[in-house]
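Q: I am new to this structure and would like to go through it step by step. Could we begin with the overall picture and then turn to the details?

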Amino acid sequence: MANTQSMERPGSLGGLPTLKTSLAVITGVMMLIDLYLIFMVAPTDSVLGHVQRVFYFHVPIAIMSFLAFFVVFIASLMYLIKRSPKWDAVAHASAEVGVVFVTLALITGIIWARPIWNTWWTWEPRLTTTMILWLIYVAYLMVRSYAPTQAKGAIYAAVVGIVGFVDVPIVYYSVVWWRSIHPSPVVGPFAQSDSLDGTMALILLYSFITFVFFFAYMVMERMELRKTEEALGHVRFTLRRKGR
Amino acid sequence: MLDFILLSSHLPSSNLPYLFAAFAVSWVVLFGYLFYVNRRQHEMRKEIARLQRVLDEDQSDE
């Protein structure tokens with residue numbers, strides 16, 4: 001009789017590996033098309049020149065970090081209400097990927113600022129609030145690591161994830177509320193309808209969708225890693241109990 | 001700031017190293033992170049398999 005026991009690898013997300021592989025392939029193809037659109041189709045900005053193409057990565061990456069921290073906010077709230085480890089896993093994975101995205105938003109912004117503002121960094125509102133956002137979510141990951149137990153770490157991190165999200169709208173509105181040399185928003189309620197050429201807007205939208213897929217794939221990878229960490233912890237615990 | 005914009009508009013091609021740097025850093029960070037996650041995953045799976053063998057040997061000795 002055939003063995004009907006599950007042959008899943010430790011830490012695998014059940015039926016999700018197929019979905020994850022499909023997502024990886026779709027993301028890869030979309031990213032290649034995105035690069036073609038950015039370098040071959042997008043018009044060269046008449047004022048800023050070629051360096052303006054950084055915009056098609058910088059803006060979606062920055063928006064994705066906001067989305068990641070929104071997911072952290074919702075998942076943290078759900079964790080505090082339901083105390084289900086699944087919500088904590090989603091918040092943890094999303095926070096880590098969000099930190100990667102906000103780090104990239106800062107780095108690409110710094111590289112873009114040098115030729116345009118003639119400086120790598122300036123303490124203007126958008127950059128300062130984004131730096132604070134980065135620090136908050138690095139603190140989120142540190143709280144989790146340094147907590148005395150995993151359960152306490154999850155609770156402390158959930159509180160930081162909820163309170164820390166307050167900075168996200170501050171980052172978005174910083175260019176509206178205070179005098180800033182950073183350009184006005186091109187996406188959202190304060191975006192001017194004529195701020196972008198039609199082709200540029202379409203390529204930006206495509207780039208954004210590509211990064212949504214990339215984000216989903218990265219979160220799934222991180223959640224699978226957490227499952228493996230838990231499985232390893234379980235095996236080690238069993239061995240300790242046996243005195244090995 | 002306007003001076004800087006006008007200055008850069010005269011020599012748009014001079015900004016190409018910045019364009020290259022921004023995209024290169026983006027790829028290195030994104031794929032570096034995925035590589036790090038996959039490597040840890042692989043190492044942990046190997047460790048689980050090793051410890052599982054120890055557990056199985058214990059059970060067969062009993």
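A: The answers below go from the chains to their helices, then to single residues and the contact between the chains. Please note that this is a predicted model.

Q: Good. How many helices and strands does chain A have?
A: Chain A has seven helices and zero strands. Along the sequence its pattern reads α-α-α-α-α-α-α.

Q: And what box do its C-alpha atoms fill?
A: Taken along the principal axes, the C-alpha atoms of chain A fill a box of roughly 70 × 45 × 30 Å.

Q: What percentage of chain A is buried?
A: Of the 244 residues in chain A, 37% are buried. As for contacts in chain A between residues at least 6 apart in sequence, 75% of them join residues at least 24 apart.

Q: Let us look at helix packing. How are two packed helices described?
A: The description uses the angle between their axes and the distance between the axes.

Q: Then how do H2(A) and H3(A) cross?
A: Their axes come within 7 Å and cross at roughly 155°. An angle over 145 degrees counts as roughly antiparallel, so H2(A) is roughly antiparallel to H3(A). The crossing of H2(A) and H3(A) is left-handed.

Q: What classes of residue make that contact between H2(A) and H3(A)?
A: The contact of H2(A) with H3(A) has 21 nonpolar, seven polar and two charged residues.

Q: What about H2(A) and H7(A), at what angle do they cross?
A: Helix H2 of chain A covers residues 55-82 and helix H7 of chain A covers residues 198-241; their axes come within 9 Å and cross at roughly 45°. The two helices are therefore oblique to each other. The crossing of H2(A) and H7(A) is right-handed.

Q: Which residues make the contact?
A: From H2(A) come Tyr56(A), Phe57(A), Val59(A), Pro60(A), Ile61(A), Ile63(A), Met64(A), Leu67(A) and Ala68(A). From H7(A) come Ile203(A), Leu204(A), Ser207(A), Phe208(A), Phe211(A) and Phe215(A). By class, the contact of H2(A) with H7(A) has 14 nonpolar residues, one polar and no charged.

Q: Which residues does Phe211(A) touch?
A: Not counting residues up to four places away in sequence, Phe211(A) touches Pro60(A), Ile61(A) and Met64(A).

Q: Moving on, how far does helix H4 of chain A reach?
A: This helix, residues 125-146, has 22 residues and reaches 31 Å from its first C-alpha to its last. That is close to the 32 Å expected at 1.5 Å a residue.

Q: Which residues of H4(A) are buried?
A: They are Arg126(A), Leu127(A), Thr129(A), Thr130(A), Leu133(A), Ile136(A), Tyr137(A), Tyr140(A) and Arg144(A). What covers these buried residues of H4(A) includes H2, helix H3 (85-117), helix H5 (150-164) and helix H6 (167-177) of chain A.

Q: Now the loops. Where is Arg83(A), and what is its phi?
A: Arg83(A) is in the loop between H2 and H3 of chain A. Its phi is positive, about 60°, although Arg83(A) is not a glycine. Most residues other than glycine have a negative phi. Arg83(A) counts as partly exposed, with 13 C-beta neighbours inside 10 Å.

Q: And what is phi for Asn118(A)?
A: Phi of Asn118(A) is near 65°, a positive value in a residue other than glycine. Asn118(A) lies in the loop between H3 and H4 of chain A. With 14 other C-beta atoms within 10 Å, Asn118(A) is partly exposed.

Q: Finally, chain B. How many helices and strands are there in chain B?
A: Chain B has two helices and zero strands. Buried residues make up 15% of its 62 residues.

Q: How many residues of chain B are in contact with chain A?
A: There are 31 residues of chain B in contact with 39 residues of chain A. Helix H1 (2-10) and helix H2 (16-61) of chain B each supply at least two residues of the side that touches chain A. The largest share of that side, 23 residues, comes from H2(B). By class, the side of chain B that touches chain A has 20 nonpolar, seven polar and four charged residues.

Conventions
Residues are numbered from 1 along each chain as its sequence is written. Chains are lettered from A and ligands numbered from 1 in the order in which they are written. This is a predicted model: local features need pLDDT of at least 70, side-chain atom pairs count only at pLDDT 80 or more; totals for chains, interfaces and linings use all residues. Two residues are in contact if their C-beta atoms, placed from the backbone, lie within 7 Å. Helices (H or I, at least four residues) and strands (E, at least two) are DSSP runs, numbered from the N terminus. Ala, Val, Leu, Ile, Met, Phe, Trp, Tyr, Cys and Pro count as nonpolar, Asp, Glu, Lys and Arg as charged, and the others, Gly among them, as polar. Axes are lines fitted to C-alpha atoms, for helices over the stretch in contact, and angles run from 0 to 180 degrees between N-to-C directions. Angles under 35 degrees count as roughly parallel, over 145 as roughly antiparallel, 65 to 115 as roughly perpendicular and the rest as oblique. A crossing is left-handed if the near helix is turned anticlockwise from the far one by less than a right angle, and right-handed if clockwise. A residue is buried if 20 or more other C-beta atoms lie within 10 Å of its own, exposed if 12 or fewer, and partly exposed in between; C-beta atoms are placed from the backbone. The expected span of a helix is 1.5 Å times one less than its number of residues.
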